[in-house]
Amino acid sequence: MVTLLRLSIAAALTLTIAACASAPPPPPDYPPPGQRALDAKTQLETGRRY
């Protein structure tokens, strides 16, 4: 019973620490949303040509 309690506490602590971790930054070669090329359907719908 004590082993199960310790395992539960260790799992809860691990999950708590993992939840506080920050997300990794995006890769540097990925362009921001405003600079992405639009697909053909979006260009037809918006009238913007690139």
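The expected span of a helix is 1.5 Å times one less than its number of residues. The structure here is a predicted model.

**Overall picture**

The protein chain has 2 helices and 0 strands. Of its 50 residues, 2% count as buried. The accessible surface of the chain comes to about 4,900 Å². Carbon and sulfur atoms hold 67% of that surface.

**Helix 1**

Helix 1 covers residues 2-20, which makes 19 residues. From its first C-alpha to its last, helix 1 reaches 27 Å. That is close to the 27 Å expected at 1.5 Å a residue.

How many of the 19 residues of helix 1 are buried? The count is 0, and helix 1 is hardly covered.

Leu 4 is found in helix 1. Leu 4 has 54% relative accessibility, so it counts as exposed. The cut-off for exposed is over 50%. Leu 4 also belongs to a nonpolar patch on the surface, together with Met 1 and Leu 7. These three residues have about 410 Å² of accessible area together.

Now to the charged side chains. Side chains of opposite charge can pair when their charged atoms come close. A search of the whole structure finds 1 salt bridge. Which residue forms a salt bridge with Lys 41? The partner is Glu 45, and the closest N and O atoms are 4.0 Å apart.

Both residues lie in helix 2, which spans residues 40-46. Glu 45 and Lys 41 are 4 residues apart, about one turn of the helix. An α-helix has 3.6 residues a turn, so residues three or four places apart point the same way.

Are Glu 45 and Lys 41 buried or exposed? Glu 45 is exposed, with a relative accessible area of 59%. Lys 41 counts as exposed too, at 58%.

**Exposed residues side by side**

| Residue | Relative accessible area |
|---|---|
| Leu 4 | 54% |
| Lys 41 | 58% |
| Glu 45 | 59% |

Technical notes:
Residues numbered from 1 in each chain as written. Predicted model: local features only at pLDDT ≥ 70, side-chain atom pairs only at ≥ 80, totals over all residues. Heavy atoms only, no water. Buried < 20%, exposed > 50% of the residue type's maximum accessible area, 1.4 Å probe, protein only. Patch = residues over 30% accessible without salt bridge, like charges linked within 9 Å, V, L, I, M, F, W, Y side chains within 5 Å. Areas by Shrake-Rupley, 256 points an atom, 1.4 Å probe, with all protein chains shown as cover. Salt bridge = Lys/Arg side-chain N within 4 Å of Asp/Glu carboxyl O.
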